[in-house]
Number of protein chains: 4
Amino acid sequence: MSSKKQGIILISREVIHSKGYQATSVSDIMEAAKIGKGQFYHYFQSKHDLGLAVVEDLVKDWEEQLIIGILNTSNDPVTKLQRMLQWAETSHAEMEIKYGCAMGNLAIEMSTQDEEFRIKINEFFNHWINSVADILTEMMENHQLDQSINPKKDAESIVAMIEGGILLMVSQQNIQVLRDIFEVIIQKYHLD
Amino acid sequence: MSSKKQGIILISREVIHSKGYQATSVSDIMEAAKIGKGQFYHYFQSKHDLGLAVVEDLVKDWEEQLIIGILNTSNDPVTKLQRMLQWAETSHAEMEIKYGCAMGNLAIEMSTQDEEFRIKINEFFNHWINSVADILTEMMENHQLDQSINPKKDAESIVAMIEGGILLMVSQQNIQVLRDIFEVIIQKYHLD
Amino acid sequence: MSSKKQGIILISREVIHSKGYQATSVSDIMEAAKIGKGQFYHYFQSKHDLGLAVVEDLVKDWEEQLIIGILNTSNDPVTKLQRMLQWAETSHAEMEIKYGCAMGNLAIEMSTQDEEFRIKINEFFNHWINSVADILTEMMENHQLDQSINPKKDAESIVAMIEGGILLMVSQQNIQVLRDIFEVIIQKYHLD
Amino acid sequence: MSSKKQGIILISREVIHSKGYQATSVSDIMEAAKIGKGQFYHYFQSKHDLGLAVVEDLVKDWEEQLIIGILNTSNDPVTKLQRMLQWAETSHAEMEIKYGCAMGNLAIEMSTQDEEFRIKINEFFNHWINSVADILTEMMENHQLDQSINPKKDAESIVAMIEGGILLMVSQQNIQVLRDIFEVIIQKYHLD
DNA sequence: CATGAATGAGGTTTCATTCAT
DNA sequence: TATGAATGAAACCTCATTCAT
């Protein structure tokens, strides 16, 4: 893919993250990327097409950073979960407290309107949940967790807490609520 | 307030829930409510004004149903939390699995764009969290929960799990993930 | 129908006649009709919608003028055909020599691209052909024509000559060719 | 002329015949001809330039096929007119019933808008009319036609009937009307 | 209260053409 | 020759809002 196209996608990710997909106009993107109308439609067939490219790019990044770079490494499971929380809190801190989770926002805004968006986003969430579930299973096998844990369900609840926590953080415009929730996770799964 | 205005608000709640605020046009609402341009602008100064009325109405309803009708009653705390989960799962089941949480969606779509929306929505979430925290405190005093619980933080995590769970449910288009998460809540807080 | 809408249709008929449907932009019409964008789309759902309204209006007018006002009257058949030729030559003379037949042009430009246009235009041509065929039949019964005439086929050939004659007139930018062709018709059917 | 350019012209003839000149975009042609932007503008200065090349090519072909190959041969006049009708009906039958006469369409769409197009197209029609007039003169000299015939005017009416007949055929989407009209021609000029 | 005509900015997209390589 | 990136005017259409009745 041309680096120009990639550049437009990256800038669009920021714009769409901060304004939402619907509220972002093609003109907004043209302006931010300093390109002309025709140039945009040279690289993308439509705004929808760009939206999908943005989701794909976001998913690819997060798969690399979170799934591959943190959760599926050979580190010990406690470290992996700790780093996941760290990543969730700090990696895009400034943007997130203001605008929320780039993935979660698109999930809510677009999953309900467009099946293509939904499927791409859902794949990522499933990977995330499954990776966490594997780690929880590993911890149970290591007797680091008691037997009341159900890896799949607990993994789902952890991801839900992170996404829901970011939602509350945006609503309160205060990072403390997210930290509180992470403490609850840390305590339950002995991540300290 | 005139019942006509109230009727428009109710219909708008549905339309905005299913399409999102931005994607909902004034015409969409006029059509759904079977009113003309003049009617709409007689009752509301602007689309923004309607949006705020919709949020207020939503908050009022949920305060009544959830905060007053369930959480702040004199029932025993376990029953109250059980009913909260029940309410979250069943009260608007069909719409929610398709379109997600009416409140959470607006939180994500509008809190980041408009301070007025944010404050109204945040008040509700704070009430919710505080009410749940009170119940958890009550349970601790009753020795129904061990001392590792922090009422405020656990309340935040519970609300986060519900909102995040609905997000995952929409993404998967499957209610099971929400039920899984509720099981995790039930087990941790001995709600069975 | 509002007279404003009717006014827009009338002006559009002229613009579309002179530029063709495809080459006519909504802005062209807005400008000619001195209305704003929103006004246009208040009266018409789309440019296509306007196109159909223009065809309908054109058909209605011609049905009244030609079919009802000339061909289906109780005049004697010769007079009726004479008046038809007169009407074809003079009624919209200035526009026609420059831009051709408003109906024929749309037939060629739009019938091939859009079934709705085709059907509306075709109905008019069929009425025309049938009315001429009836007159030819009447003339045969009156022994004003010899028996080698086939009313239906001769009617088709007469309409074809008029439409084809206008085409040649536009191509030559000279009305003489049309008059030549009318002379041939006059002679064959003894209309002098 | 390079055969590449000739190839583009041929493909453009088809595309323009089926969509019309205005509705055909340069991209449509690039796609159909499987060439890039640069290629197109290497061979043609503009879309207008291509349009003229298409008309010239069409005229050249038809001059060869119809004027030289049929009408100006040394065959007997009846045979020549018979073959002309045959050519008009069968040579491009499938395209014509759907999209009409390639020449007549351009005459109507472009003659009114562009003098260069008009002149080129008109030259062809004049050649056609003159060739038919010569044949009719020949037939009169042979006493194959009575003296009521005026070669020039009858030739014009014959060409008009063919072009108008194709117009009606497209409008009706039925070849029968064209055959009917040809029967009228055949009978009048004793071509059977 | 109510209607719906009017406004015009701005939405997404297409187009013919030019430029850099 | 050839590619396809770049340009910007203009296409069709929607929108929130105001105005006249």
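Me: What is the helix and strand content of residues 25–44 of chain A, and how far apart are the end C-alpha atoms?
Reply: The span is 75% helix and 0% strand, with its end C-alpha atoms 14 Å apart; helices here are DSSP runs of H or I with at least four residues, strands are E runs of at least two, and both are numbered from the N terminus. This is a predicted model, in which local features need pLDDT of at least 70 and side-chain atom pairs count only at pLDDT 80 or more, while totals for chains, interfaces and linings use all residues. Residues are numbered from 1 along each chain as its sequence is written, chains are lettered from A and ligands numbered from 1 in the order in which they are written, and side-chain values use heavy atoms, with hydrogens and water left out.

Me: What does UniProt list for that span?
Reply: An unreviewed UniProt entry lists residues 25–44 of chain A as "DNA-binding region", given in the numbering used here with a shortened feature name, and such annotations may be inferred rather than shown by experiment.

Me: OK, how many residues surround DNA strand F, and which are the closest?
Reply: There are 27 residues around DNA strand F, the closest being A:Gln39, A:His42, A:Tyr43, C:Lys37 and D:Gly38, where a residue is near a strand if one of its heavy atoms lies within 4 Å of it. Of the atoms of DNA strand F that come within 4 Å of the protein, sugar and phosphate account for 60%.

Me: Which helices supply that surface?
Reply: Helix H3 (37–43) of chain A, of chain B, of chain C and of chain D, along with helix H2 (26–33) of chain C, each supply at least two residues of the surface near DNA strand F.

Me: Switching to the protein contacts, how many residues do chains D and C put in?
Reply: Chain D and chain C contribute 44 residues each, contact meaning heavy atoms within 4.5 Å. The buried area is about 3600 Å², of which carbon and sulfur atoms give 62%; this is the accessible area (1.4 Å probe) that the two parts lose on being put together, summed over both.

Me: How many salt bridges are there between D and C?
Reply: Two are found across the interface of chain D and chain C, a salt bridge being a side-chain nitrogen of Lys or Arg within 4 Å of a carboxyl oxygen of Asp or Glu. D:Lys153 forms a salt bridge with C:Glu183, the closest N and O atoms lying 2.9 Å apart.

Me: And what about chains B and A, how many residues and how much area?
Reply: Here 43 residues of chain B contact 44 residues of chain A, and about 3600 Å² is buried, with 62% from carbon and sulfur atoms. B:Ile108, B:Leu167 and B:Ser171 supply 16% of the area that chain B buries against chain A, more than any other three residues.

Me: Which residue pairs with A:Glu183 in a salt bridge?
Reply: B:Lys153 does, with the closest N and O atoms 2.8 Å apart, and the count between chain B and chain A is two salt bridges.
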